[in-house]
Amino acid sequence: MDYLVGDLQGCCNALERMLSTLAFSASRDRLFVLGDLVNRGPQSLATLKRLQSLGSAAICVLGNHDLHLLAVVHGVRKSGRKDTLEDILSSPERAAILHWLRHQRMACQDAGWLMVHAGVVPQWDAALTLSLAAEVETVLRSPDLPEFLHAMYGNEPECWQDDLQGTPRLRFIVNALTRIRFCTLQGHLDLSTSGSPDAAPQGLVPWFDVPDRRTQGTPIAFGHWSTLGLMQKPDLLCLDTGCVWGGKLSAMRVDGGRRELIQIVCDQAQKPGRSYKTSAHYQGMRERSRCERVRRTLAAELCVAEAVFSSLQPVH
C-alpha cells in the first residue's frame with residue numbers, strides 16, 4: 001500500500017500515531033513524505049530517526065525547513081527563535097542523520113503522482129521537473145554543498161529561463177520546488193506572499209491555477225501551504241493541513257488509483273500566525289471542532305435525560 005503524507009515538521013508523535021493507524025509495515029507498504037520533515041515541532045531528531053528506520057519504505061522529498069537545517073549545520077544561517085533543531089545539532093548521531101537527509105529527493109514520481117514540497121512552475125513538465133530536481137540532488141550529495149548553501153538564499157531570478165546557469169539556475173530550482181505558492185500568469189515567482197489563495201494580491205495566482213501550465217493533467221501532490229489546507233482535485237493534492245499548528249496530519253492512500261484520506265488530530269506545537277488563523281482552512285477546522293464539541297455536549301445531555309427518564313419509570 002502506498003501513502004502520501006503532508007508536512008511533519010518534527011511532530012514525531014503524530015507520525016507514530018499515523019503509522020499505527022495505518023498499521024504500516026515497512027516490508028509491505030511505502031510512505032511518501034512531501035517535505036518539511038523537521039523544524040517548529042518538538043521532535044525533529046526523533047522524526048528523522050523514525051523515517052530513517054523505515055529504510056526504503058520511506059521516500060522523502062525535501063522542503064525549505066530541511067534545507068534550512070543543512071544551512072544551519074554549515075554555518076550559513078543561525079537558528080531562529082522558532083527553530084527546533086537543537087536536538088539534531090547536538091546529537092552524537094548528527095553526521096549519519098544528515099548524510100541520510102542529504103540523500104533524499106527534491107522531487108519524485110511514483111504511484112501515479114509527481115511529488116514535490118511546494119510546487120512546479122508553469123514552464124516545466126514532469127520530465128523537466130525531475131531532471132532539474134536531480135541537479136540539486138547531485139549538489140546536496142557532493143563536497144560542493146557548503147558553497148551551494150551560501151549561495152542558495154535569495155529571490156532572484158524570478159522567472160525560469162532555459163539558459164540559466166550555475167548558482168542562479170540552482171537557486172531558482174530550489175525556490176520553485178520548496179517555496180513557491182503564487183506566481184504571475186507568465187510564471188514569475190512571488191515568494192513573499194504566504195496567505196490563502198483567496199487573499200492573493202492582484203496579478204498573482206496559485207501556481208497550479210496558471211492556464212496551460214505544462215504539468216496540466218499530471219497528478220501532482222505537494223505540501224508547504226497550510227493556509228490552503230487539504231485540497232483534492234483530479235490532478236492536484238495538497239496535504240499540508242497544519243499539523244504543527246494544532247491542525248491535522250493528513251495521509252492519502254493512492255495505490256491502485258484510489259484516494260483514501262486518513263487524518264490524525266495533532267497537538268499544537270507552535271502558535272499559528274495571523275495568515276493561518278484567518279485562512280478558510282483554519283476557520284473551517286475551528287467550526288468543525290465547535291460542532292463536534294456541541295455534538296458531544298448534546299450526546300452527554302441526552303444520556304443524562306435518558307437516565308433520569310428511566311429512573312422515573314414505575315417498577316412492575
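This is a dialogue on how to read some features of a predicted model.

Student: What should I know about the model before reading it?

Tutor: The model is predicted, so local features need pLDDT of at least 70 and side-chain atom pairs count only at pLDDT 80 or more, while totals for chains, interfaces and linings use all residues. Residues are numbered from 1 along each chain as its sequence is written, and side-chain values use heavy atoms, with hydrogens and water left out.

Student: How many helices and strands does the chain have?

Tutor: Helices (H or I, at least four residues) and strands (E, at least two) are DSSP runs, numbered from the N terminus. The chain has 10 helices and 13 strands.

Student: What share of the residues counts as buried?

Tutor: Buried means under 20% relative accessible area, exposed over 50%, and partly exposed in between, with a 1.4 Å probe and protein chains only. Of the 316 residues of the chain, 52% count as buried. As for contacts, the term means heavy atoms within 4.5 Å. Residues 24 or more positions apart account for 67% of the contacts with a separation of 6 or more.

Student: How do I read strand pairing, and which strands pair with β12?

Tutor: Two strands pair if DSSP finds at least two bridges between them. Strand β1 (residues 2-5) is joined to β12 by 3 bridges and runs antiparallel to it; here Leu-4 stands opposite Met-252. Strand β13 (residues 260-265) is joined to β12 by 6 bridges, again antiparallel, and Arg-253 stands opposite Glu-260.

Student: Is strand β12 mostly covered or mostly open?

Tutor: Strand β12 (residues 248-253) is mostly covered, with 5 of its 6 residues buried. The hairpin of β12 and β13 has 6 residues between the strands, and Gly-256 takes a positive phi near 70 degrees there.

Student: What is the strand order in the open sheet of 3 strands?

Tutor: The order is β7-β6-β8, with antiparallel pairing. The edge strands, which pair on one side only, are β7 (189-190) and β8. Strand β6 (residues 182-183) pairs with β8 over 2 bridges, and Cys-183 has Val-205 as its bridge partner.

Student: Where is Val-210, and what is it in contact with?

Tutor: Val-210 is in the loop between β8 (205-206) and β9 (220-222). Val-210 is buried, with a relative accessible area of 3%. Leaving aside neighbours within four places in sequence, its contacts include Pro-122, Cys-183 and Val-205. Val-210 and Cys-183 are 27 residues apart in sequence and 8.2 Å apart in space, C-alpha to C-alpha.

Student: How many aromatic pairs are found?

Tutor: Rings of Phe, Tyr and Trp (its six-membered ring) pair if their centres lie within 6.5 Å; planes under 30 degrees apart count as stacked, over 60 as edge-to-face and the rest as tilted. A search of the whole structure finds 9 aromatic pairs. One of them is Tyr-3 with Phe-24: the centres are 6.5 Å apart and the planes at 55 degrees, so the pair is tilted. Tyr-3 is in strand β1 and Phe-24 in the loop between α1 (12-22) and β2 (30-33), 21 residues apart. Both Tyr-3 and Phe-24 are buried. Trp-124 and Phe-172 form an edge-to-face pair, 6.0 Å centre to centre with 75 degrees between the planes. Both Trp-124 and Phe-172 are buried.

Student: Which residues form an aromatic cluster?

Tutor: Phe-182, Trp-207, Phe-208, Phe-222 and Trp-225 form one.
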